[in-house]
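Biologist: I am new to this structure. Could you walk me through how to read it?

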Amino acid sequence: MVIVRYSEIGLKGTRARNSMEKKLMENITYSLLKEGEPATVRRGYGRVYVEGYVDARAVAKALRRVFGVKSFSFALRMRFQSLDEIVSAATLVFSEAVKDKYFAVRSRRMGNHPFTSMDVSVQVGAALLPFARGVDLERPQVEVKVEVRDNLAFFYGQEIEGPGGLPLGSQGRLVALVSGGIDSPVAAWMMMKRGSPVDILFCSLAHPVDTTAFLNVVSRLVDNWSFGYDGTIFIVDGSKLVEALTDHTRFRNSHVTFKRLLYRMAERLSPENGYAGIVTGESLGQVSSQTAENLLAAEHGIGLPVFRPLIGMDKEQIVALARYIGTFPDYNPGEFCSIFSDRPSTAVDAEAVDREEATFGDVSHLLEGATRIRFSQVHEFTERNSVESVRRKESMVGSVIIDLRRKEEYERWHVPGALNVDVRDVEDFVRKNGTNKTYVVYCSTGLQSAYAALKIKNMGARALYSDQRSIRKLVEEERVESNVR
């Protein structure tokens, strides 16, 4: 069986403790079932027990990802009537493990007994000493652990760390602003660790490229950590927002105004979902929009508290956590400030942001068109909305090749046989040419081409996308190979 320990739950009053223990057991059960382990989960005073499992590795994987689990151990359990029975059982269990090694006995005891924890340690140690090289209480090669609870004794060695914190669902719901980058998924995880179920709001600036990167990261977060809560992901089309904010005749503080508009969208979602706050991945001074002055300006007038669990952490600490959590991205899309300004201000006035927000208008229309998916639907949605990039030159053979760049760029250089088509005319082009073909679409950066390829895919045709640099490299490789031949 497995003995599961918690820490903070034990400090709560009786009512809160009972509620949190039940929530912890529910979440452990969800996690075990996801790993294919229909084990029995029950509680004792100050402990949770997992029994009747088949695969110990699956159980360990499940328990390592349940918030509220401080540590756990695979253990043997026995009922006893005397200390002599405990000593005999411990000798049987550990004699081979301590053979020719230095060991130490660590004992815990709860309940009324005619012996102390020290008595257990001394007598078990004396019984094991003939099998071992000796005792080393400071740096033992083997730790023998005995836990006595009423008339039960538990024998184990290793204590495996869990994530700690509070059971997910024991605190109020929050909405997290999450991107496909490093910081924001870690911030969401940290608030989940404090017991708050977290829904996720994502503002897509270059669908489907950034949406794919976002879903790749967020799927690891929700698959591995959100046991017992099938939350909602809101995906907002931010193309109109970016189009407006890059007009510098109207918006001089776009990097902060953009953040304000994100906060405002999260605030608008609160009444129907009952959110108690907004979670962001901001770390003080990391980028221009995250100075103390700009955070103050961005948050001004927002009616929900903004939780920033990373605020005092440096990048190395955040990266280390992202790797531990499993959300470190395969591709980092970078920070949004660079989209809006080459030299953004580090001290924007709140009133200036108020004026720019008023210029943009109400964000409700962005939310009305938002895509909403459950955590359990992420993989299905990703499959339906992903497009394949051009990775091999063979993909272009027999394909209709579309160049989305401006006419002057097309005339300077283009893939031999490529047709210059405006991105707005792609669907009409495919209707005329038929959906029984493969289309290869490229543009300068890959963003427009990915968007167009998804549209073509949704029409029933096969489509691949690329950027100018990548597809030109493939063409050059083909030319070199042809010369060699």
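**Reading the model**

Modeller: L177 touches S184, L201, L262, Y263, A266, I278, V279 and T280, leaving aside residues up to four places away in sequence. Contact here means heavy atoms within 4.5 Å. This is a predicted model: local features need pLDDT of at least 70, side-chain atom pairs count only at pLDDT 80 or more, and totals for chains, interfaces and linings use all residues. Residues are numbered from 1 along each chain as its sequence is written, and side-chain values use heavy atoms, with hydrogens and water left out.

Biologist: Where does L177 sit, and is L177 buried or exposed?

Modeller: Buried means under 20% relative accessible area, exposed over 50%, partly exposed in between (1.4 Å probe, protein chains only). L177 is buried, at 11%. Its place is in strand 11 (residues 174–177). Strands (E, at least two residues) and helices (H or I, at least four) are DSSP runs, numbered from the N terminus.

Biologist: Which residues does the UniProt annotation "binding site" cover?

Modeller: The unreviewed UniProt entry lists L177, V178, K259, G281 and Q290. UniProt positions are given in the numbering used here, feature names are shortened, and annotations may be inferred rather than shown by experiment.

Biologist: What does Q290 touch?

Modeller: Leaving aside residues up to four places away in sequence, Q290 touches E282, S283, L284, G285 and L295. A polar atom of the Q290 side chain lies 2.8 Å from the backbone nitrogen of S283. Q290 is found in the loop between strand 14 (278–279) and helix 9 (292–299). Q290 counts as buried, at 5% relative accessibility.

Biologist: How do I read a polar contact? Which side chain does T232 pair with?

Modeller: A polar contact is a pair of N or O atoms within 3.5 Å; within protein, one must be able to donate a hydrogen and the other to accept it, and residues adjacent in sequence count only if both atoms are side-chain atoms. The T232 side chain makes one with the side chain of R374 (2.9 Å). T232 is in strand 13 (residues 232–237). T232 counts as buried, at 10% relative accessibility.

Biologist: Now a helix. Which residues of helix 2 are buried?

Modeller: An α-helix has 3.6 residues a turn, so residues three or four places apart point the same way. In helix 2 (residues 56–63), the buried residues are A58, V59, A60, A62 and L63. Their cover includes strand 1 (2–5), helix 1 (14–34) and strand 4 (71–74).

Biologist: What caps the N-terminal end of helix 2?

Modeller: D55 does: a side-chain oxygen lies 3.0 Å from the backbone nitrogen of R57.
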